[in-house]
Amino acid sequence: MSAISISTRDLRVILLEVKGKDMSLSVRAAHDIYGPGGSVFIASNAKITERQLSWLEQRNPAAGQRPTYVDVVISQERGGSRPPESGVSEPISATQERTRKAREVSREVVVKAEDVARKATEIYRIVGGSAFTVSALRNRDVVDNLQELEGRIKHFHTAVRAAIDEYLIGNTLIMDLIARHDLATRTIQHALNVAVFATELASQALLKGDLCAAVAGDPDAGGNAVQSADLKRDLAEIFLGGFMHDCGLWNEDPASDEGHEVSGTQLISQIPEIVELLPSLMQIVLFHSDAIRIATKPALVMIIDQADDERKRTFKSEFYRTAEEARTSVGMRA
Ligand SMILES: [Fe+2]
Ligand SMILES: [Fe+2]
């Protein structure tokens, strides 16, 4: 029995009809449907419910402006298959185009992500681990490789921007494909899962009302174009932050994960162009293990010891209950 792609709105009408007329029609998921982070939210062949339709719409960043599509198989519980009314399903060409685009941009993201991680691993190998030494930093090889890492992060950033643009017009398949990428190592897979999860979570929290229309390309929502551009930039930074949060562990053979937040921050701090391009990246890497502490003490201070000497520079974090307390602490250090 072949799958068809139907909008959640039309599917809702079908479900109501089935219920109202007591028909023996069943609507089942055509394949596993994934949630943010890559876990299966609706298993293949499970009956689709209205609640699940609401969840799918909620997940779609462009749900207010564009239909949310889901691949289903509709059949009679007893007897032969029964296709939906003509005109209800999405044209096959549109489904194929959405899938083709999702495959293309997600692949680009994953390939560039692997390039970044590989280069970082190479740098750790040259400097003999995640603890940088002065002599290692003077190594010409390190300088060249850091420059290459900068280029790779920028290419990765460009690929992520393209993926976010497509995701925000409702193509959530992109995030599923990135989270389920088969070829990646466990480390890369974890990094990609976190990136996808953080980006989807952030877009749910940030996308509201008119802004939603602006990112989905509604010309009447032009007043929010600037905000829309800001949101796209922020989501790309969150994606990169999610991907690189454990970059302090991208050693070939990390002895333990202790201090990997500082090692990762150190690595990024060696590339000023990236610090400028992604101003929150260092903070994401430094504070990523402290979610529980941040919940009670959300005012964060990043302390840069030996800021003037990049060879000795190191990072510490402090946590305060209020911004005022954090400011006082910073003032006392000055
Ligand atoms: Fe970590
Ligand atoms: Fe992690």
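Confidence in the protein chain is lowest in helix α8, residues 209-215, where the mean is 60, and it is highest in helix α5, residues 140-168, where the mean reaches 95. Please keep in mind that this is a predicted model, and that the average pLDDT over the protein chain is 84, with 87% of the residues scoring at least 70.

Let me turn to the overall make-up. The protein chain contains 14 helices and seven strands, and of its 334 residues 31% are buried. If we take the contacts with a separation of 6 or more, 65% of them in the protein chain are between residues 24 or more positions apart.

Now to the sheet. Which strands form it, and in what order? Three strands make an open sheet, and reading across it the order is β1-β5-β2, with antiparallel pairing. Because β1 (4-7) and β2 (25-29) stand at the edges with a single partner strand each, one side of each of them is left without a neighbour in the sheet. From one strand to the next, the twist averages 50°. Helix α1 packs on this sheet, where it touches β1, β2 and β5, and its direction makes about 90° with that of β1.

For helix α1, residues 8-20, and helix α2, residues 50-59, the packing angle is about 170° and the axes are 10 Å apart. An angle over 145 degrees counts as roughly antiparallel, and α1 and α2 are therefore roughly antiparallel to each other. On the α1 side the contact is made by T8, L11, R12 and L15, while α2 contributes E50, L53, L56 and E57. Sorted by kind, the residues of this contact are four nonpolar, one polar and three charged.

Finally, I would like to look at helix α10, residues 260-269. How many of the 10 residues of this helix are buried? Nine of them are, so helix α10 is largely enclosed by the rest of the structure. The buried residues in α10 are H260, E261, S263, G264, T265, Q266, L267, I268 and S269, and you can find them one after another in the structure above.

Key. Residues are numbered from 1 along each chain as its sequence is written. Chains are lettered from A and ligands numbered from 1 in the order in which they are written. This is a predicted model: local features need pLDDT of at least 70, side-chain atom pairs count only at pLDDT 80 or more; totals for chains, interfaces and linings use all residues. Helices (H or I, at least four residues) and strands (E, at least two) are DSSP runs, numbered from the N terminus. A residue is buried if 20 or more other C-beta atoms lie within 10 Å of its own, exposed if 12 or fewer, and partly exposed in between; C-beta atoms are placed from the backbone. Two residues are in contact if their C-beta atoms, placed from the backbone, lie within 7 Å. Axes are lines fitted to C-alpha atoms, for helices over the stretch in contact, and angles run from 0 to 180 degrees between N-to-C directions. Angles under 35 degrees count as roughly parallel, over 145 as roughly antiparallel, 65 to 115 as roughly perpendicular and the rest as oblique. Ala, Val, Leu, Ile, Met, Phe, Trp, Tyr, Cys and Pro count as nonpolar, Asp, Glu, Lys and Arg as charged, and the others, Gly among them, as polar. Two strands pair if DSSP finds at least two bridges between them. pLDDT is the predictor's confidence in each residue, from 0 to 100.
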